[in-house]
Amino acid sequence: MIVTADWVAPVSRPPIRNGAVAVRGRTILEVGTLAKVSSRYPEAVVCDHQGCVITPGLVNAHTHLSLNALAGLVPSMPFPAWLARIAEVSRALDEEDHIASATLGALQCLQSGATVVGDVCYGPEALSAAGDMGLGGTFFWEILGVDGDDLASALEHREFPDDPAACAGGRLRCGISPHTPYTSGPDLLHATYQLARKRNAGYMLHLAESAEESRLFARGDGPLAALAERLAHGFTTPRSGAVEYAHRLGVLNGAVAVHCVHLGTGEAQLLAEHARGVVLCPRSNRYLHNGTAPVADLHALGADMAIGTDSAASNEGVDLFAEARAVNALDHGLSASRLLRMLTLEGARVLGLDDLFGSLEPGKQADLAIVRIGPTDHPAERLIEVGASAVVRGVMSAGAWRILDGRPVVAPDTILAAAERVRQKAAHVLGGVTDAN
Ligand SMILES: [Zn+2]
């Protein structure tokens, strides 16, 4: 099949006017002008999208798909209060709920143009649900509140795969996340890091997300102190920022660092030098009153940066283009082509997936997003300006259409009904723990 549009933005090279992508099976065969590609494959069916740009399937580098059914249940509020409510709800959700929520989350990702995620999960449910919907990505098993010695049995209990790099034909990879350095003690941070290294799996940390976290690290008190006391066995006040602490413990090198809002002196430099990359989630940071990440500093220091929506429970939605515009508002020096790269190839690199995803090149996965941008001579600029779930016309992943003519190929009714059941269950739990809802 040949997919063509006014523009193709391969990301690994400049946009191609009247471009086309030839796809066979799950992979990309060729990328070029329609004239060139169709002369090579004259028999191929041509699928034309006028007024559109074809980009690689976007990368939503930080999601919690298992929580997406909870969107809007906990209103915008300061992070510690939000975390307490969500933790209460999470404990009440079972495997079936996680599957229903992750399936909804996967559908929403596809509708936003994303075919790849960096997801935080609690077991294999989100991964299989997302894989069934056609997503690829790295799924980071979240482990906290156990001792380092108990890590192996905790992972086994949660069915962490023996081969973290090869699920669903290699489209899904696994990683480990000890959540944060204040919900996992130093032993567990080490143990998870060593295991991730040994198994060639990704390692992800939420770092420097809130002012309350900074206060805990600097002074040992504040609203998160009781949580650290309960979960982070062996944690003592480091009297530094979270990034510096992670670096000192030896767990920053190669880590995917999410949020990185409240950085002390030298911490942006540490991230740029040692972390695999920083995942920016500006709208989630706003929802949870967490402030804004120093994007211009990270940019100037050469950090690899990806963009994530975080869970729909701490955002107004999972629209990645809106998230990219929110990143741009924090650093007007980021060009449209850099933002597009962050949404694709750079995001894939941060997740350790750029051999498969993130650019339109022969041999890579046939993951495409087709977005209506209208007539333009500047497709990247126009895409960042007008991109939105509402103008995503088509999405292909692993060579199969997931969204066509702006609509999901799979009828969404059952997915929405199952997610609504989870939402009602969660609302019931929240009714018992907060008078704010
Ligand atoms: Zn998160």
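Modeller: A crossing of two helices is called left-handed if the near helix is turned anticlockwise from the far one by less than a right angle, and right-handed if the turn is clockwise. With that in hand we can read this structure, which is a predicted model.

Biologist: In which hand does α9 pass α10, and what is the angle between these two helices?

Modeller: Helix α9, residues 242-249, and helix α10, residues 267-274, pack at an angle of about 45°, with their axes 9 Å apart. The crossing in which α9 passes α10 is left-handed. On the α9 side the contact is made by Ala242, Val243, Glu244 and His247, and on the α10 side by Glu267, Leu270, Leu271 and His274. Sorted by class, this contact has four nonpolar, two polar and two charged residues.

Biologist: How should I read the spacing of such contact residues along a helix?

Modeller: An α-helix has 3.6 residues a turn, so residues three or four places apart point the same way.

Biologist: At what angle do α3 and α4 cross, and within what distance do their axes come?

Modeller: The axes of α3 (residues 95-111) and α4 (residues 124-133) come within 8 Å and cross at roughly 40°, which means that α3 is oblique to α4. The crossing of α3 past α4 is right-handed, and by class the contact has nine nonpolar, two polar and two charged residues.

Biologist: Turning to burial, is Arg171 buried or exposed?

Modeller: A residue is buried when its relative accessible area is under 20%, so Arg171, at 5%, counts as buried. Arg171 lies in the loop between α5 (151-157) and β8 (172-177), and its side chain makes a polar contact of 2.6 Å with the side chain of Gln365. Beyond its neighbours within four places in sequence, Arg171 is in contact with residues including Arg26, Thr115, Leu356, Asp367 and Ser397.

Biologist: How does Arg421 count by accessibility, and with which residues is Arg421 in contact?

Modeller: Arg421, found in helix α17 (residues 413-433), counts as partly exposed because its relative accessibility is 36%. Setting aside neighbours within four places in sequence, Arg421 is in contact with Glu96, Asp97 and Ala100, and a polar contact of 3.1 Å joins the side chains of Arg421 and Asp97. The C-alpha atoms of Arg421 and Ser101 are separated by 9.6 Å, although these residues are 320 apart along the chain.

Biologist: How many residues of α13 are buried, and which residue caps its N-terminal end?

Modeller: Helix α13, residues 320-330, is mostly covered, with eight of its eleven residues buried, among them Leu320, Phe321, Glu323 and Asn328. The cap at the N-terminal end of α13 is Asp319, with a side-chain oxygen 3.0 Å from the backbone nitrogen of Phe321. Arg283, in helix α11 (residues 282-287), touches Asp319, Ala322, Glu323 and Ala326, among others. Arg283 is buried, with a relative accessible area of 7%, and its side chain makes a polar contact of 3.5 Å with the side chain of Asn315.

Definitions and conventions. Residues numbered from 1 in each chain as written. Predicted model: local features only at pLDDT ≥ 70, side-chain atom pairs only at ≥ 80, totals over all residues. Heavy atoms only, no water. Axes fitted to C-alpha atoms, helices over the stretch in contact; angles between N-to-C directions. Helix = DSSP H or I, 4+ residues; strand = E, 2+ residues; numbered from the N terminus. Contact = heavy atoms within 4.5 Å. Nonpolar A, V, L, I, M, F, W, Y, C, P; charged D, E, K, R; others polar. Buried < 20%, exposed > 50% of the residue type's maximum accessible area, 1.4 Å probe, protein only. Polar contact = N/O pair within 3.5 Å; in protein donor to acceptor, adjacent residues only side chain to side chain. Parallel < 35°, antiparallel > 145°, perpendicular 65-115°, else oblique.
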